Amino acid sequence: EDTQQQIIRETFHLVSKRDENVCNFLEGGLLIGGSDNKLIYRHYATLYFVFCVDSSESELGILDLIQVSFFCCFVFLISGIVFVETLDKCFENVCELDLIFHVDKV
């Protein structure tokens, strides 16, 4: 666990200190595997999505994966919020029992 925390700290230090105008690829540090590995990341608001890959991976492919994953999660989150708000209006303080016993209304 100690090594894992060191890797997380090193990764955050490497990524968070970079200027917004630089590319989203950088060589891995000593704990991450050295120069054969790369960190590929995207920064959205206060979140960092970071992948550590070896040199055979496509940087642009990983960036695309991060972007698609982020937007799918965002759409799922927004859809979930809208769904819960709708259920709350129908059932007034919806709970699991409402979903079980009133499946026809859901």
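Start by selecting Y44. Leaving aside residues up to four places away in sequence, Y44 touches F49, I66, Q67, F70 and F71. Contact here means heavy atoms within 4.5 Å.

A note on the model before moving on. This is a predicted model, where local features need pLDDT of at least 70, side-chain atom pairs count only at pLDDT 80 or more, and totals for chains, interfaces and linings use all residues. Residues are numbered from 1 along each chain as its sequence is written, and side-chain values use heavy atoms, without hydrogens and water.

Next, select I40, Y44, V53, I62, L63, I66 and F70. These seven residues form the largest nonpolar core. Such a core is a set of buried Ala, Val, Leu, Ile, Met, Phe, Trp, Tyr and Cys residues joined through side-chain atoms within 4.5 Å. Buried means under 20% relative accessible area, exposed over 50%, and partly exposed in between (1.4 Å probe, protein chains only).

Color strand 2 (37–44) and helix 2 (59–91). Each gives two or more residues to this core. Helix 2 supplies the largest share, four residues. Helices (H or I, at least four residues) and strands (E, at least two) are DSSP runs, numbered from the N terminus.

Now color domain 1 (1–57) and domain 2 (58–105). Both give residues to this core, so it lies between them. The domain bounds come from an automatic or database domain assignment.

Last stop: show the side chains of K38 and E59. They meet in a salt bridge at 2.9 Å, N to O. The rule asks for a side-chain nitrogen of Lys or Arg within 4 Å of a carboxyl oxygen of Asp or Glu. The count by this rule is one. K38 lies in strand 2 and E59 in helix 2, so the pair ties together parts 21 residues apart in sequence. K38 is buried, at 9% relative accessibility. E59 is partly exposed, at 25%.
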